[in-house]
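Hello,

Here is the structure I said I would pass on. My notes on it follow below.

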Amino acid sequence: VGRRRHASVGSTLAQISREGGMLGLYRGISPTLLGILPYAGIKFYVYQSLKAWYRKLPSANMVSSEGRDPRLPVSMMLAFGGAAGLV
């Protein structure tokens, strides 16, 4: 109903670039980025907060490597990454 159908992604990209130039391919990226940035920032904050909380625990099992900050165990990194992704 008034919508055009394209045979493939390539034909769609070709038509957009023909009608709007290369900038036409990027139209709409600003709202997308504005929607992603708060989500990514919150996810990063939650992950870093969980890491800091874990490091303060007296029973924290940290792996140290040659002068660097001690690393979290892989299981904790996966758990904290999963928890941050749920937010």
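Start with valine 9, which sits in helix H1. Helices here are DSSP runs of H or I with at least four residues, strands are runs of E with at least two, and both are numbered from the N terminus. Valine 9 counts as exposed because its relative accessible area is 63%. Exposed means over 50%, buried under 20%, and partly exposed in between, with a 1.4 Å probe and protein chains only.

Before the rest, some ground rules. This is a predicted model, so to speak of local features takes pLDDT of at least 70 and side-chain atom pairs count only at pLDDT 80 or more, while totals for chains, interfaces and linings use all residues. Residues are numbered from 1 along each chain as its sequence is written, and side-chain values use heavy atoms, leaving out hydrogens and water.

**Surface**

Valine 9 belongs to a nonpolar surface patch with Leu13, Ile16, Met22, Leu25, Tyr26, Ile29, Leu33 and Leu37. Together they have about 880 Å² of accessible area, by the Shrake-Rupley method with a 1.4 Å probe, only the protein chains shown counting as cover. Patch residues have over 30% relative accessible area and no salt bridge; nonpolar side chains (Val, Leu, Ile, Met, Phe, Trp, Tyr) are joined within 5 Å, like charges within 9 Å. A salt bridge is a Lys or Arg side-chain nitrogen within 4 Å of an Asp or Glu carboxyl oxygen. Helix H1 (9-25) and helix H2 (29-56) each give two or more residues to the patch. H1 gives the most, with five.

**Core**

The largest nonpolar core has six residues: Val46, Tyr47, Tyr54, Leu72, Phe80 and Ala84. Such a core is a set of buried Ala, Val, Leu, Ile, Met, Phe, Trp, Tyr and Cys residues joined through side-chain atoms within 4.5 Å. H2 and H3 each give two or more residues to this core. H2 has the largest share, three residues.

There is one aromatic pair (ring centres within 6.5 Å; planes under 30 degrees apart are stacked, over 60 edge-to-face, the rest tilted; Trp by its six-membered ring). Tyrosine 54 and phenylalanine 80 form it edge-to-face, at 5.9 Å centre to centre and 70° between the planes. The partners are 26 residues apart, in helix H2 and helix H3 (residues 74-86). Tyrosine 54 is buried at 10% relative accessible area, and phenylalanine 80 is buried at 8%.

Lysine 51, in helix H2, is also buried, at 18%. Lysine 51 touches Leu72 and Phe80 (heavy atoms within 4.5 Å), leaving aside residues up to four places away in sequence.

Best wishes
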